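Trainee: Could you take me closely through a single part of this model? I would like one connected account.

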Amino acid sequence: MTRILVVEDENFLAMELTWIVEDAGYSVVGPERSVAETSKMLAWNKVDLALLDINIGGEMVFPVSKMLDTLGVPFVFITSNSALVPAEYRHRPLMTKPFRPQALLALILRVLAERAEPLGTPEPSPTGDRPG
C-alpha cells in the first residue's frame with residue numbers, strides 16, 4: 001500500500017489531510033508536526049510521497065524536503081503563501097491553501113504516476129507496439 005507522509009502543524013488541517021488520503025485508499029504516516037519529529041520518523045520509516053506544509057510551528061520545512069530529495073521521495077508543498085517557496089523548489093508540485101480535496105488527490109496521483117514511470121523506457125506507439 002502506498003504510504004503518504006503528512007507534515008502539518010495545524011490539528012484540523014492535519015486531520016483533514018489524513019482523512020482525504022485515507023479515504024482515497026492510501027496509508028498515512030504521521031501527521032508530523034515539526035522538522036525534528038519528521039526527521040526522526042524518516043530515519044526509521046519508508047514513505048512513497050510526502051505532503052509538506054511549508055511553515056510548521058514557525059519553522060520552514062525545507063530541511064525535510066532536502067532529506068526527502070536524498071531519499072528519492074517525491075513531495076508536494078502545501079501552503080497559503082507560495083512566496084515562501086525558495087527558487088530551488090519552485091519547480092516542485094505545490095497545492096495552495098485552501099484547496100479542494102479533488103485537486104489534492106489529482107496532484108497526488110500525478111506525482112505518484114511520474115515517480116512510477118521508468119526512466120529511459122520508450123513510449124509505446126499509438127498501436128501499442130514498442131519501437132525497435
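Mentor: Start with the whole chain. Of its 132 residues, 40% count as buried; buried means under 20% relative accessible area, exposed over 50%, and partly exposed in between, with a 1.4 Å probe and protein chains only. This is a predicted model: local features need pLDDT of at least 70, side-chain atom pairs count only at pLDDT 80 or more, and totals for chains, interfaces and linings use all residues. Residues are numbered from 1 along each chain as its sequence is written, and side-chain values use heavy atoms, leaving out hydrogens and water.

The chain has four helices and seven strands. These are DSSP runs numbered from the N terminus: helices are H or I with at least four residues, strands are E with at least two. Their order from the N terminus is β-α-β-α-β-β-β-α-β-β-α.

Now the close look: helix 1. Helix 1 covers residues 11–23, 13 residues in total. From first C-alpha to last, helix 1 reaches 18 Å, close to the 18 Å expected at 1.5 Å a residue. That expected span is 1.5 Å times one less than the number of residues.

Which residues of helix 1 are buried? They are Leu13, Ala14, Leu17, Thr18, Ile20 and Val21. Seen down the axis, these buried residues fall within an arc of 165°, so they line one face of helix 1. The arc is taken from the directions from the helix axis to the C-beta atoms. An α-helix has 3.6 residues a turn, so residues three or four places apart point the same way.

Turn to the other side. The face of helix 1 turned away from the buried side carries the exposed residues Asn11, Phe12 and Asp23. Just after helix 1, glycine 25 takes a positive phi of about 95°.

What do the buried residues of helix 1 pack against? They pack against strand 1, strand 2 (27–32), strand 3, strand 6 and helix 4 (101–116). Contact here means heavy atoms within 4.5 Å.

Next, the cores. A nonpolar core is a set of buried Ala, Val, Leu, Ile, Met, Phe, Trp, Tyr and Cys residues joined through side-chain atoms within 4.5 Å. The largest has 20 residues, and Leu5, Val47, Leu52, Leu68 and Phe77 have the most contacts inside it. Apart from this core lies another, of 19 residues, among them Ile20, Val21, Val28 and Leu104. Ile20 and Val21 are also among the buried residues of helix 1.
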